[in-house]
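My entries follow the order in which I checked them.

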Amino acid sequence: MQNSAALQIVYVLTNPAMPGLVKIGSTTQEEVDVRMKQLFSSGVPVPFDCVFACRVLDAMKVEKALHHAFGQMRINPTREFFRIEPERVISILKLLHTEVVDDVTAQVERTIEAEATQADLQAAEHLKQARRPRMDYVQIGVPIGSVLVYEDGSAQATVQSTRTVLFDGKECSLTAATRKVRQLPEDYPLQPSPYWTYNGQTLKEIYEAFYAGQESDA
């Protein structure tokens, strides 16, 4: 059996300074910290966010498959950036059961944070907040009392306030509810809006459509 420490990592990154773009790349387990440092020192104003990362048996094979699958969305053939929703890339990765060994998103995200200064992280957070506000269910057209359905229909949550839901008998954030459904640690980083639907649309789609309309009217 191959030693997991020798396995390579395929990662899916986003950056607040490059909205709408996703970077799909790979590195080795031993060099992940070096690679994340290189990415941040390559001219971007704020650190990347690791949306998903996994150890794989053959990084070149997996990375090539992803680049081929999303080739039409590639910005530059010599760069690993794609104009695509990160959830689409993650969905493909999760289908590669014979190649993907385990999820190391939290590990890579911690590595990125360790390489960045507090000022870097604060700048990134300010940039995210300045671009678009936190999701407010009522504002985007999802009234209090609305039932949100998890992507595979296995769970439901009821909108309790502008930013909380009732899940499993307790009021909590949708992020917390998503971690419970997916059986993830409480500190696991994720964006819950792509996983829940309301009236046949994901919350992410509703949110993006609402603010796209606001910007077009401005």
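**Entry 1: ground rules.** I am working with a predicted model, where local features need pLDDT of at least 70, side-chain atom pairs count only at pLDDT 80 or more, and totals for chains, interfaces and linings use all residues. Residues are numbered from 1 along each chain as its sequence is written, and side-chain values use heavy atoms, with hydrogens and water left out.

**Entry 2: cysteines.** I reminded myself that a disulfide is a covalent bond between the sulfur atoms of two cysteines. To count, the two sulfur atoms must lie within 2.5 Å. How many disulfides does the whole structure hold? My search found 0. For C50, the nearest cysteine sulfur is that of C54, 9.4 Å away, and C50 is in no disulfide. C54 is in no disulfide either.

Are C50 and C54 buried or exposed? I used relative accessible area with a 1.4 Å probe and protein chains only: buried is under 20%, exposed is over 50%, and partly exposed is in between. C50 has 6% relative accessibility, so I noted C50 as buried. C54 has 0%, so C54 is buried as well.

**Entry 3: salt bridges.** Side chains of opposite charge can pair when their charged atoms come close. I counted a salt bridge when a side-chain nitrogen of Lys or Arg was within 4 Å of a carboxyl oxygen of Asp or Glu. The structure holds 4. I wrote up some of them.

D102 and R55 meet at 2.6 Å, N to O. D102 sits in strand β5 (residues 100-103) and R55 in strand β3 (residues 49-56), so this pair ties together parts 47 residues apart in sequence. Helices (H or I, at least four residues) and strands (E, at least two) are DSSP runs, numbered from the N terminus. D102 is partly exposed at 26%. R55 is buried at 12%.

Next I looked at K204 and E85, whose closest N and O atoms are 3.5 Å apart. Why does this pair tie together parts that are 119 residues apart in sequence? K204 lies in helix α7, while E85 lies in the loop between β4 (81-83) and α3. K204 is buried at 18%, and E85 is partly exposed at 36%.

Then came E151 and R182, with closest N and O atoms 3.7 Å apart. Both lie in loops: E151 between β6 (147-150) and β7 (156-159), R182 between α6 (174-181) and β10 (196-198). The pair ties together parts 31 residues apart in sequence. E151 is partly exposed at 49%, and R182 is partly exposed at 25%.

**Entry 4: helix α4.** Which residues of α4 (residues 105-115) are buried? I listed T105, A106, V108, E109, T111 and I112. Their cover includes β1 (8-14), α1 (32-40), β3 and β5.

Entry 5: Of its 13 lining residues, E87, R88, S91, E151 and P194 are the closest to its centre. E151 also pairs with R182 in a salt bridge. Elements giving two or more residues to the lining are α3 (86-95) and α7 (203-217). α3 gives the most, with 5 residues. For the pocket search, a 1 Å grid is laid over the protein atoms alone, and a pocket is an open set of points where a 1.4 Å probe fits, with protein on both sides within 12 Å along at least five of seven lines; lining residues have an atom within 4 Å of a point. By class, I noted 3 nonpolar, 2 polar and 8 charged residues in the lining. Asp, Glu, Lys and Arg count as charged; Ala, Val, Leu, Ile, Met, Phe, Trp, Tyr, Cys and Pro count as nonpolar; the others, Gly among them, are polar.

Conventions. Contact means heavy atoms within 4.5 Å.
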